[in-house]
Amino acid sequence: MGGCFRRRQGRQENATQRKEETKHGDLVYQWEQRRPACEDVETNVPCAQQAFAVGLASVMGLLSGKKGVVFGVANKRSIAWAIAQAWKEAGAELAFTYQGDRLKENVSQLAETFGEDTLITECDVTQDDHIDRVFNEVGDKFGGKLDLMLHAVAFAPKEALEGTFVATTREAFRVAHDVSAYSLVALTRAAAPLMTEGGSIVAMSYYGAEKVIPHYNVMGVAKAALEASTRYLASDLGEQKIRVNCISAGPVNTLAARGIAGFSSMLKHYEAHAPLKRNVLPEELGATGTFLASDGAAAITGQVLYVDCGYQVMGM
């Protein structure tokens, strides 16, 4: 995909570029890879100034003409926002939802950077009437068509993300699964009638769905339910050419993540043990989300794609 990496040489290199071609079906795409010069440091981490170009997909306009709706933006650090930016750069037109008045201003300020006419509407994913209203508004906005949906919604009571899993209350278990897992089913059911030409639904998961992560507790169980739901939804909707996949992201310093006890230690642990010896960047998740939304992933559905600098493959 290209990118900018710091060099160890004692001089700066001139920016270089080259053109390459790739073929997908009957289409031939051409793009430029740029590798600007960077300061000398003892690391292979991408340059902070460039922070990883939004991705090859954005340069090629892979999502031109596609319409999408994004659930789960809280602020500029949100993974949902990183993916939304990548989708926008790739040519998609997007609508946004927010959860309650507390997040309305943040989401509105971000979404309005996509254009004054961007649809921004409230949605409590635990309320069916909210979901019905949102997709009526989305349908009206986009002429009855929808191609993309991003599900980046998760919640568990704070006390359920501390201490032990065995202490999880019945109410905390219910809330975590309703918001974090069942919402994907409800939103997908409402989105599907608008995806008349097929579509791509992307949900966000985490390694705690597969392995025990200290303090992740009931959220790990809810994410396991989310991943299983992804597979069943993919089976149900495949004949309609609607694909459903999960991105299992490495830890990112988001508003939700900071609610997990010991999160800062988790970041350090991943950096020390992942094969790439670093944590994933939001922009890299955006590029992955764009790939899954594009026709390049037309044969991929029901999958969990790990984007965690390789941490998931390690045994110890």
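Helix α4 is followed by glycine 143, whose phi is positive, near 65 degrees. The structure described here is a predicted model, in which local features need pLDDT of at least 70 and side-chain atom pairs count only at pLDDT 80 or more, while totals for chains, interfaces and linings use all residues. Residues are numbered from 1 along each chain as its sequence is written, and side-chain values use heavy atoms, with hydrogens and water left out.

The protein chain holds eight helices and nine strands, where helices (H or I, at least four residues) and strands (E, at least two) are DSSP runs numbered from the N terminus. Of its 316 residues, 49% count as buried; buried means under 20% relative accessible area, exposed over 50%, and partly exposed in between, with a 1.4 Å probe and protein chains only. Contact is taken as heavy atoms within 4.5 Å. Among contacts between residues at least 6 apart in sequence, 74% join residues at least 24 apart.

Helix α4 itself covers residues 128-141, and at 1.5 Å a residue its 14 residues should span 20 Å, which agrees with the 20 Å between its end C-alpha atoms; the expected span is 1.5 Å times one less than the number of residues. The buried residues of α4 are His130, Ile131, Val134, Phe135, Val138 and Gly139. They cover an arc of only 165 degrees around the axis, which puts them on the same side of α4; the arc is that of the directions from the helix axis to the C-beta atoms. On the face turned away from the buried side, α4 carries the exposed residues Asp129, Asn136 and Asp140. The cover over the buried residues of α4 includes strands β3 (67-71), β4 (93-98), β5 (120-122) and β6 (148-151), together with helix α5 (170-191).

Helix α3 (residues 100-111) can be read in a similar manner. Its twelve residues should span 16 Å at 1.5 Å a residue, and the end C-alpha atoms are 16 Å apart, which agrees. Gly100, Leu103, Val107, Ser108, Leu110 and Ala111 are buried in α3. These residues cover an arc of only 155 degrees around the axis, which puts them on the same side of α3. They pack against α2, β4 and β5, while the face turned away from them carries the exposed residues Asp101, Arg102 and Glu105.

Two helix pairs were also examined. Two packed helices are described by the angle between their axes and the distance between the axes. Here the axes are lines fitted to C-alpha atoms, for helices over the stretch in contact, and angles run from 0 to 180 degrees between N-to-C directions. The axes of α5 and α6 come within 9 Å and cross at roughly 20 degrees, and the two helices are therefore roughly parallel to each other. Angles under 35 degrees count as roughly parallel, over 145 as roughly antiparallel, 65 to 115 as roughly perpendicular, and the rest as oblique. The crossing of α5 and α6 is right-handed, meaning that the near helix is turned clockwise from the far one by less than a right angle, with anticlockwise being left-handed. Residues making this contact include Phe173, His177, Leu184 and Val185 of α5 and Val218, Met219, Leu226 and Leu233 of α6.

For α2 (79-89) and α8 (residues 282-293), the axes come within 8 Å and cross at roughly 55 degrees. These helices are therefore oblique to each other, and α2 passes α8 in a right-handed crossing. Ile79, Ala82, Ile83, Ala86 and Trp87 in α2 meet a set of α8 residues, among them Pro282, Leu285 and Thr290.

Alanine 92 lies in the loop between α2 and β4 and is buried, with a relative accessible area of 3%. Leaving aside neighbours within four places in sequence, alanine 92 is in contact with Leu63, Lys66, Trp87 and Leu148. Its C-alpha atom is separated by 8.5 Å from that of glycine 61, 31 residues apart along the chain.

Positive phi values also occur at residues other than glycine. Asparagine 217 has a positive phi of about 50 degrees; it belongs to helix α6 (residues 217-237) and counts as buried at 12% relative accessibility. Cysteine 309, with a positive phi near 60 degrees, is found in the segment after β9 (304-307) and counts as buried at 9% relative accessibility.
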